[in-house]
Amino acid sequence: MTQEPKSKEQEPKSKGSDKQTTHSSEKKFIQRSLAAIARWSPLGGTSFAFGSFLLKQEWATAIALFPVTAISGVWAAYSKNFIEKLSEIYAERGKKDAEGFVENMDRANQVLNQKLNWQALGFDMKYLKCQMWDCHEDYAVGLREDENLPVNNPLLREVFVPLELSSDSIVAGYEFRNRGEDCQQMQIWGLLERVKQDNRLRQIAIRAWGGYGKSTLLKHLTYIYSTGEYNRGDFRKYKAPKFVPFLLYLAGCWKEITKENPPDLIELLTKFHIGRLSKIKELETVPPNWALNLLSRGDALVMFDGFDEVPPAERAKVSEWLSAEMQKYHEAVFIVTSRPTAYREDYVARKPTASFWIQDFNQEQRQQFVEQWYLCQERYARGGRNTPDVEAKAKERAESLLEQIQARPELNDIAGNVLLLNMMARFHRENKQGAELPQRKVELYQDICELQLGRRASARGISLLLKSINQRQEVLQVVALAMMMEAAKNLDDGEEEGFKQIQRDHLLALLNTSLAKIDPDVNVKEFLGQMVQVSELLVERDGGIYQFSHLSFQEFLAAMEIVKLQQESLLYEHLGLSAWKDMILFYASLVNPTKLIQEALNRHQSDLAYLIYQQSDKRLNLSSSERKALDGLKESVKTSRYQQLEDYLVAKQWYEADEETYKLMITAVGKDVGQGFSAKDVKEFPCDELLAIDALWVKHSDGLYGFSVQKQIYVDCGGKLDFSLPSSKTWEKFCDRTAWKSEGKWVDYPDQFFDQFFKNNFMSVKGHLPYKNFGGVDGERAERSREDVLFSHRDL
């Protein structure tokens with residue numbers, strides 16, 4: 001037989017080609033690995049394969065799929081080839097898929113690390129893992145997501161939506177942006193990125209009312225830093241510094257801080273905080289000077305959540321402690337969260353140098369949250385399957401909810417609150433027959449309570465104590481009101497838990513008294529267990545302390561109890577108590593509010609009267625006689641609301657009048673003092689209020705000041721009343737005419753009322769006031785936009 005000539009592939013290679021042969025073998029190995037990865041990783045499908053191999057201890061297969069996760073040296077050797085090959089196979093998806101691959105490997109590493117001996121890990125790694133485990137789940141509201149399955153709280157990373165922050169409108173001695181910067185929303189990562197350039201950002205206060213995600217934001221930061229993701233994926237663009245995170249809940253540690261001989265920060269972190277985390281997984285003795293070194297080098301991110309969770313009588317002492325420790329370790333970064341009133345009134349020590357607000361969810365954030373939330377629920381309901389049909393079902397249901405919110409103004413108004421949006425999603429998913437969402441906030445809370453106290457348990461085949469949902473709710477109402485009454489007491493006793501928490505013995509006593517009136521045979525401890533484990537409206541904390549899953553449930557249930565008792569007079573003596581404000585608003589939405597509004601006016605609580613009136617004016621369930629009585633109070637509410645402004649104007653107290661004008665206007669758009677206006681706020685500003693404020697300014701300044709005066713100057717300078725942005729020339733001319741600028745520079749607020757009054761006599765310039773509402777707030781371009789929107793109101 002004639003032998004065929006050998007092909008080039010069959011010819012023996014020279015010795016000098018061994019290196020090429022080895023390189024080719026490595027390349028084929030990587031290609032085979034990539035082919036497997038493409039089938040199983042996020043680049044081509046789900047990410048469960050590798051984890052599955054690891055969990056089954058099929059190490060050879062796992063290493064073949066992801067050699068880099070087991071042996072870091074292999075990754076170093078082949079990373080260049082990997083990136084090149086990845087680019088060849090997925091040229092169009094390139095960077096995004098590469099990052100997805102790295103993220104998948106990171107997750108696989110976490111699974112692999114769990115197989116390692118815990119004792120073999122260093123202290124830092126152990127600490128970070130415990131801190132991560134402490135905050136990796138989303139416990140929003142304390143409500144469960146599915147109806148017939150075991151508990152499956154979503155992971156925080158699956159549903160978290162980045163929150164937008166805005167700085168204080170004006171804070172004495174502090175302004176985050178330069179005046180020339182455009183107004184834009186900020187994210188917490190953008191602030192951390194600037195820490196090294198701006199030392200003011202080493203102390204941050206974050207404020208928001210209940211349900212806006214303060215705690216969730218801190219948990220998000222803690223999780224990302226604990227897992228090391230701060231410099232990977234979408235977070236890489238921020239270039240945030242590396243930190244070791246410490247997340248402490250003031251509701252759980254205020255007693256430590258207010259002891260006669262309180263611990264310093266190092267002791268609080270190493271003994272109290274790490275002691276708490278050791279309950280998750282045992283941590284060894286803290287290395288010497290571990291916390292001190294982190295704090296001194298500026299490598300620590302220390303977060304204190306919930307200043308408002310501290311009992312009112314203890315807040316001053318806690319604020320002093322926080323301030324002292326922040327000053328001592330000035331290289332570290334601190335974040336404190338609080339509801340606005342508690343921070344404004346009770347944080348008496350030196351406040352953090354940077355202050356921000358969490359903004360309402362915008363349309364894009366709402367959509368992102370609802371879609372992510374529904375995808376989690378549909379995936380959990382199908383054993384974790386994330387296939388196109390599951391995604392399609394989740395998207396369909398998310399769109400159904402979003403369309404309903406968008407079509408109903410009363411729902412759209414409250415959907416900016418993360419908690420309420422979360423509740424709407426839960427209610428929407430539970431009602432499979434397509435029932436509409438409740439029309440009002442108070443009805444939403446009632447439906448959620450009914451869901452948790454009966455319908456969900458029934459669907460899961462669980463029998464609850466007592467015969468009806470109403471009976472269970474009445475028992476909790478008694479507890480809620482008793483806890484709210486604590487806020488009305490003089491909290492001089494250092495052991496007092498405050499109105500947001502209650503000791504187990506006290507709680508059992510309240511439950512026992514209430515249950516005895518309904519069914520004395522019910523076991524009180526068993527009932528408490530069901531309220532915690534099944535209804536989840538009550539939550540147990542460390543040390544035998546209980547609280548409602550969210551303060552708003554406590555406020556709603558307390559209001560319901562006052563309605564049941566028909567004792568509105570309970571509210572009258574405490575109308576000025578800030579801790580009762582939301583409970584009073586809940587109550588007002590449950591009854592005919594006319595008498596309550598009148599009582600608020602009689603007791604000079606004009607702000608509260610205004611809030612109740614504004615809320616009630618939108619109600620559709622009032623009878624014609626109730627509506628007539630409410631309308632009859634309109635002028636009284638209006639007169640009372642503007643009385644303080646008029647008093648200042650009559651006395652020619654221009655600075656105070658300007659401050660009061662800002663307060664009236666910011667509260668009219670549903671924001672709190674300290675926040676700024678958006679163009680939307682100004683565009684939708686109530687015309688009757690704008691005219692009333694303007695009329696007072698014009699009248700008592702003899703035509704020198706007022707928005708209408710400023711409007712005429714604006715038009716004379718070339719401004720157009722069509723909601724468009726004025727040109728730079730028009731804007732500069734307007735600022736010069738009104739003396740908002742002097743020699744091209746902004747007049748510093750409030751200096752023009754004092755020193756510069758005598759030097760430049762700005763106060764005699766026509767149209768100079770009002771100023772604080774928009775002058776010098778949040779960037780020059782934003783100011784120009786808002787002024788044009790304000791002046792474009794036709795009735796002005």
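A salt bridge is taken here as a side-chain nitrogen of Lys or Arg within 4 Å of a carboxyl oxygen of Asp or Glu. In this predicted model, the count by this rule comes to 29 salt bridges. Asp308, Arg339, Lys500, Glu555 and Asp582 are linked in a network of such bridges.

Arg339 lies in the loop between strand S5 (333-338) and helix H15 (340-346), whereas Glu555 belongs to helix H24 (residues 551-565), so the pair ties together parts that are 216 residues apart in sequence. Arg339 is buried, with a relative accessible area of 10%, and Glu555 is likewise buried, at 3%. A salt bridge also joins Arg339 to Asp582 (3.7 Å, N to O). Because Asp582 is located in helix H26 (residues 581-588) and Arg339 in the loop between S5 and H15, this pair ties together parts 243 residues apart in sequence. Asp582 is partly exposed, at 22% relative accessibility.

A further salt bridge is formed by Arg603 and Glu573, at 3.6 Å from N to O. Arg603 is placed in the loop between helix H27 (594-602) and helix H28 (606-617), and Glu573 in the loop between helix H25 (569-572) and H26, 30 residues apart. Arg603 is partly exposed, with a relative accessible area of 32%, while Glu573 is exposed, at 58%.

Helix packing was examined for H22 (residues 504-518) and H23 (residues 524-535), whose axes are 10 Å apart and form an angle of about 110°. H22 is therefore roughly perpendicular to H23. Arg504, Leu507, Leu508, Leu511, Asn512 and Leu515 of H22 meet Val524, Lys525, Phe527 and Leu528 of H23. The residues of this contact comprise seven nonpolar, one polar and two charged.

Terms used: Residues numbered from 1 in each chain as written. Predicted model: local features only at pLDDT ≥ 70, side-chain atom pairs only at ≥ 80, totals over all residues. Heavy atoms only, no water. Axes fitted to C-alpha atoms, helices over the stretch in contact; angles between N-to-C directions. Helix = DSSP H or I, 4+ residues; strand = E, 2+ residues; numbered from the N terminus. Parallel < 35°, antiparallel > 145°, perpendicular 65-115°, else oblique. Contact = heavy atoms within 4.5 Å. Nonpolar A, V, L, I, M, F, W, Y, C, P; charged D, E, K, R; others polar. Buried < 20%, exposed > 50% of the residue type's maximum accessible area, 1.4 Å probe, protein only.
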